[in-house]
There are 2 protein chains.
Amino acid sequence: MRPLQQSLPLKLLMAREAVMERFRPHLLEAGVTEQQWRVLRALCEREEVEAGELAEAICLKMPSLSRIIADLSRDRLINRRNGVDDKRLRLVSITPKGRAVVEKMARHSEKEYAQIQDAVGAKAYAALMDDLEEAITKLNSLNQGAPD
Amino acid sequence: MRPLQQSLPLKLLMAREAVMERFRPHLLEAGVTEQQWRVLRALCEREEVEAGELAEAICLKMPSLSRIIADLSRDRLINRRNGVDDKRLRLVSITPKGRAVVEKMARHSEKEYAQIQDAVGAKAYAALMDDLEEAITKLNSLNQGAPD
DNA sequence: AGCAAGTAATTAACATGTTAAATAAATAGC
DNA sequence: GCTATTTATTTAACATGTTAATTACTTGCT
């Protein structure tokens, strides 16, 4: 049996835990959950996104996103409307209020990133990001490649 | 605002998702959840472990582990008893039945690892594991280093 | 046009995780 | 040696995630 220390999923989880430990206090202060933050952040980059596309981009299942969108909408951090062309679609966009939350968080966030890059080392950090990106791409095509 | 694609937590999450997609069918077949699997696997390496130590090793909070341990114990995949020296401690160990589940899973698991290493490339895979290990160590000392 | 099949999102029922309070046992200070 | 504090785990209340079923709409077929 492969030793626990050689488990890729566990290593990824541990790394994520170690990183999130630094961001959680700021999320708490901003009053958003991890997942709400992913939504807001993703919406900052695009004008208006379909719910399904958004879910895919930030690793959330649609039922989860559905509730998160409802909550964020209630709090006026995002807007949602139905597609005109295709009325099944839910189109989501960030509000000025939502953008303000992101901008406030972003300041803290960048400081943490600086600390993290400093602790890990600029080179090792860049290498890690690249390795992850490559692995994700390759794994995704492996997963797509062998359907059912 | 830092682009979404440069988010380290999201990249780690996406990578983990992509990897787990390959293991989930086998876990389902073996009738264990992701977290139960982490417990069983960790227990294979040690004779008998304290619950708290186990939780730490596999990134589970104690209340979660408490329930998981209760379930696995009910299914006779693990044994638990209290410490003799310190009666607060919960000592957990794997049963032959539990070990059988792990061994069955391990066969599938190793095949998947082979495919993954093949898809990602042996060198890139090794590099990723090393980068992750290093990042975890450095992040943990960063997190430990600045308490409260 | 009219209906079958497919698709996007939601809802419902359930499983799991999380935070805070409770329990139980050990250690420390007097 | 007794009380106060700390430590390990569990329980309870609540939040979140997940799978399957449902709704609402679109598309393709005849």
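Two strands count as paired here if DSSP finds at least two bridges between them, and the strands themselves are DSSP runs of E covering at least two residues, just as helices are runs of H or I covering at least four, all numbered from the N terminus. Everything here comes from a predicted model, in which local features need pLDDT of at least 70 and side-chain atom pairs count only at pLDDT 80 or more, while totals for chains, interfaces and linings use all residues. Residues are numbered from 1 along each chain as its sequence is written, with chains lettered from A and ligands numbered from 1 in the order in which they are written.

Staying with chain B, its open sheet has 3 strands in the order S1-S3-S2, with antiparallel pairing. Strand S1 (49-50) and strand S2 (78-82) of chain B sit at the edges with a single partner strand each, so one side of each has no neighbour in the sheet. Helix H2 (residues 34-45) of chain B packs on this sheet and touches S1, S2 and S3 of chain B, its direction making about 85° with that of S3(B). Contact here means C-beta atoms, placed from the backbone, within 7 Å of each other; axes are lines fitted to C-alpha atoms, for helices over the stretch in contact, and angles run from 0 to 180 degrees between N-to-C directions. Within S3(B), B:Leu91 is the bridge partner of B:Arg81.

Now for chain A. Its secondary structure amounts to 6 helices and 3 strands, laid out along the sequence as α-α-β-α-α-β-β-α-α. The C-alpha atoms of chain A fill a box of roughly 50 × 45 × 25 Å along the principal axes. Of the 148 residues in chain A, 32% are buried, the cut-off being 20 or more other C-beta atoms within 10 Å of the residue's own; 12 or fewer makes a residue exposed, anything in between partly exposed, and C-beta atoms are placed from the backbone. Among contacts in chain A between residues at least 6 apart in sequence, 49% link residues at least 24 apart. Strand S1 (residues 49-50) of chain A pairs with strand S3 (residues 90-94) of chain A in the antiparallel sense over 2 bridges, with A:Val49 opposite A:Val92. S2(A) and S3(A) also run antiparallel, joined by 5 bridges, and here A:Asn79 stands opposite A:Ser93.

A:Arg76, in the loop between H4 and strand S2 (78-82) of chain A, has a positive phi of about 65° although it is not a glycine. A:Arg76 is exposed, with 11 other C-beta atoms within 10 Å. In chain B, the loop between H3 and H4 holds B:Cys59, whose phi is near 60°, again positive in a residue other than glycine. The contact takes 48 residues from chain A and 48 residues from chain B. On the chain A side, helix H1 (8-30), helix H2 (34-45), helix H5 (96-120) and helix H6 (122-145) each give two or more residues. That side divides into 31 nonpolar, 3 polar and 14 charged residues, where Ala, Val, Leu, Ile, Met, Phe, Trp, Tyr, Cys and Pro count as nonpolar, Asp, Glu, Lys and Arg as charged, and the others, Gly among them, as polar.

Then there is the DNA. A residue is near a strand if its C-beta atom, placed from the backbone, lies within 6 Å of it. DNA strand C is surrounded by 19 residues, the closest being A:Ala51, A:Gly52, A:Pro63, A:Ser66 and B:Pro63. H4(A) gives the largest share of that surface, 4 residues. Around DNA strand D there are 18 residues, of which A:Pro63, A:Lys87, B:Ala51, B:Gly52 and B:Pro63 come nearest. For DNA strand D the largest share, 4 residues, comes from H4(B).

Technical notes: Contact = placed C-beta atoms within 7 Å.
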